[in-house]
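This briefing describes how two chains are built and how they meet.

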Amino acid sequence: MNPFVWQRAAAISRKEVFHIIRDPFTLAAALVLPVFMVLIFGVAIEFNVKKVALVVSDADQTQSSRRLLDTFGSSGYFLLQHAGSPNDAIEDVTAERARAALIIPPRFEKDLYAGRGAQAQILVDGSDNSTVGPVLGYVGSIQTIASRRIGNFNSPNTYELRTRFLFNPELNSRWFVIPGITVVIMAILSILLTALTVAREWENGSMELLLSTPVQPLEIIVGKVAPYGALGLIAVTFVYIIARTVFGVPFVGNLAVFGLGCLLFLVTYLALGLLISVVTRKQVVAMQFAMMLGMLPTQLLSGFIFPVESMPAFFQYFTMLLPARWFMRIARDTFLKGSSLLDLGGAFLALLIFCGMMIFVATRRFKRDLEP
Amino acid sequence: MNEITVDVRNLSVRFGDFTAVDRVSFSVRRGETFGFLGANGAGKTTTIRVLCGLLHPTEGQVRVVGVGFEDGERAIKSKVGYMSQKFTLYNDLTVDENLSFIASLRKLDPAVYAQRRTELFDFISFGRPLNTPVHDLPGGTKQQVSLVAALLHDPDIIFLDEPTAGVAPASRSRFWAMIRKLAAIGKTVFVTTHYMDEAEQCDRIALMREGKIIALDTPEGLKRNAFPMPMLEFDPKEPLSFAEVSAMAQHDVFSFFEPYGLRFHASIKSEEAWERARPQFEDTFIIKRITPSLEDVFIHKVEGQAV
């Protein structure tokens, strides 16, 4: 085993810095792209459904029915449209002029006062799954409020469940989404930054120069990861500042814990990018692999959009093989829950293993000779 | 001067089913300028890459400056200088950034690097600022800087793989002047080339064809062995038709007949036969005896186009 020589790794890093500062594309990709991405995704991705078009048909026209409608209207979640009849209301939903319909039958108030239990009907457009869940949630809450406002009718419930949301009291989806976007951005950025570097050296012939010297694969890998890791940390700092200042996402955890997670995740994906580059030796192919491995699993299987717990059992286990799943947990929990290094021990251990494994595999697959 | 710097015994390199180098044996003496001549795909570059530790031999033994693959390819890499046929420096880095990068990879002390850089820039008469980006250098100067990069660690032997390919004639000439200077200070130079005039300047030349060395000698020795009988040059007084040229090439008095520009070079089988046949050519050609060129040898031996 030949000794690792820091002088050589530092020389590779210095050379990469020269490449980076003279290549506007790399600098822009590393520093400007993440800022744009967090701004665009931060605004565009909104899981809270507000101002749902609700068409109402009030055949009762009593104080109670109007109070019920007022409660819906003043909630902020619904925009009320009035329909002449239940059929008109259903037609509005069918024609997609409204997402849901509230149909209040005649005798609504009478049934209520008679203690027979008044009934009204909510029809929700089930073809758009993304709105059904939130709408049903709102309806449940509004029903409780409306019961109190309409009169002193004792709820058949003998107890009341009061819900309070911890860590994100207003259920602001941006608080949840933006730490997740940070993970996605870091994955795409870091894998792309390094995926081209080794392939470029093979294509322009400079790999022959490198390999003709006594430099070792690990020195090349470390030398290449270091400057791009630093660049990635600068980029994530920008993303963090935007998350806190522009979107007002709270950060209640320890910055050092979050930073350590960022560093481990960055190095893992930078090494994965290098592995792609080492194996493919062609920039175009490396780029395609990087996009595929960097974007798809991170967006779809890391828990960013779809909760891992809701996935089929196979995928719940499969996602354990994705570093992004573990960093997603670290990012969200440090931002919103203030989890400590100890709380996130499992996630950090997983990232540490992936990081070491990726560097090991990239180094092993690095060819020391010019065999085609 | 008789110390062996490169010793190759039954070297074979195979890539799958393809044999790039086939049981090649030769040795190179210290201070020698040794040339490899052959067509594209003959195995020259593959052999050089093995000798520089860039490729592992499939079979055979290789020792370069006293070390072999059994000592690890890094041992070989640290002893040799290598300049690839491809331009391998970084175009977006300056001359100094490129060279200091190589110096660091070879663990040269900064003071030693600075001294070597000055010496080598004097050697190649490099007068441009050190912070000149490499992409701003002319092709010939880029090659010279590549040579400096290969010489920074002061290797005993330098491998140059087609160092002047695509370089202007004046630059080629200057580059070969440097190679002669290197040889003069005792460096072993191992060079592959496509240019016959360059090959003529080597102390010895190995001719390669299909992975095998088919001849190895001094330029004069190669010519003597390839053409033991006199070589004649035929300068046609009038342009010839294809049929006339073809008929001449088939004439049984010649062992070799090839066009050489507007003229023809031919080697005769025997003096007696030539004297008998000579009168029939004298009306059509101005005939003179010449020394065979290395190109004649190359065509005869490597391309196998002997009549």
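Two strands count as paired if DSSP finds at least two bridges between them. With that criterion, chain A of this predicted model holds an open sheet of four strands in the order β2-β1-β3-β4, with mixed pairing. Chain B also has an open sheet of four strands, ordered β12-β13-β11-β14, and its pairing is antiparallel. The two chains touch through 23 residues of chain A and 26 residues of chain B.

**Overall form and domains of chain A**

- The secondary structure of chain A consists of 15 helices and four strands.
- The C-alpha trace of chain A extends over about 95 × 45 × 40 Å along its principal axes.
- Chain A has a radius of gyration of 28 Å, whereas a compact globule of 372 residues would have one near 21 Å.
- Chain A is split into domain 1, made of 6-45 + 172-365, and domain 2, which covers 52-150.
- The centres of domain 1 and domain 2 of chain A, taken over C-alpha atoms, are separated by 47 Å.

**The sheet of chain A**

- In the order β2-β1-β3-β4 of chain A, the edge strands are β2 (78-82) and β4 (121-124), each of which pairs on one side only.
- Strand β1 (residues 52-58) and strand β3 (residues 100-104) of chain A pair in the parallel sense, over five bridges.
- Opposite S57(A) stands I103(A), a residue of β3(A).
- Helix α3 (residues 63-74) of chain A packs on this sheet and touches β1, β2 and β3 of chain A.
- The direction of α3 of chain A makes about 140° with that of β2(A).

**Helix packing in chain A**

- Two packed helices are described by the angle between their axes and the distance between the axes.
- For helix α8 (residues 197-204) and helix α11 (residues 255-280) of chain A, the angle is about 25° and the axes are 7 Å apart.
- Angles under 35 degrees count as roughly parallel, so α8(A) is roughly parallel to α11(A).
- On the α8(A) side of this contact are T197(A), V198(A) and A199(A), which meet L274(A), S277(A), V278(A) and T280(A) in α11(A).
- Sorted by class, the contact of α8(A) with α11(A) has four nonpolar residues, three polar residues and no charged residues.

**Domains and strands of chain B**

- Chain B is divided into domain 1 (4-223) and domain 2 (228-291).
- The C-alpha centres of domain 1 and domain 2 of chain B lie 40 Å apart.
- Strand β1 (residues 4-15) and strand β4 (residues 59-64) of chain B pair in the antiparallel sense over five bridges.
- V6(B) has V64(B) of β4(B) opposite to it.
- Strand β4(B) is also joined by two bridges to strand β5 (residues 67-68) of chain B, and these two strands run antiparallel.
- Here R63(B) stands opposite G68(B) in β5(B).
- The hairpin of β4(B) and β5(B) has two residues between the strands, and V65(B) takes a positive phi near 50° in this hairpin.

**The four-stranded sheet of chain B**

- In the order β12-β13-β11-β14 of chain B, the edge strands are β12 (254-260) and β14 (285-290), each pairing on one side only.
- Strand β11 (residues 231-236) and strand β13 (residues 263-268) of chain B run antiparallel and are joined by four bridges.
- F234(B) stands opposite F264(B), which belongs to β13(B).

**Contact between the chains**

- The contact draws 23 residues from chain A and 26 residues from chain B.
- On the side of chain A that touches chain B, the elements giving two or more residues are α1 (6-21) and α9 (206-211) of chain A.
- The largest share of that side, six residues, comes from α1(A).
- By class, the side of chain A that touches chain B has nine nonpolar, seven polar and seven charged residues.

Definitions and conventions. Residues numbered from 1 in each chain as written. Chains lettered and ligands numbered in written order. Predicted model: local features only at pLDDT ≥ 70, side-chain atom pairs only at ≥ 80, totals over all residues. Contact = placed C-beta atoms within 7 Å. Nonpolar A, V, L, I, M, F, W, Y, C, P; charged D, E, K, R; others polar. Domains from an automatic or database assignment. Axes fitted to C-alpha atoms, helices over the stretch in contact; angles between N-to-C directions. Parallel < 35°, antiparallel > 145°, perpendicular 65-115°, else oblique. Rg over C-alpha atoms; globule rule 2.2 N^0.38 Å.
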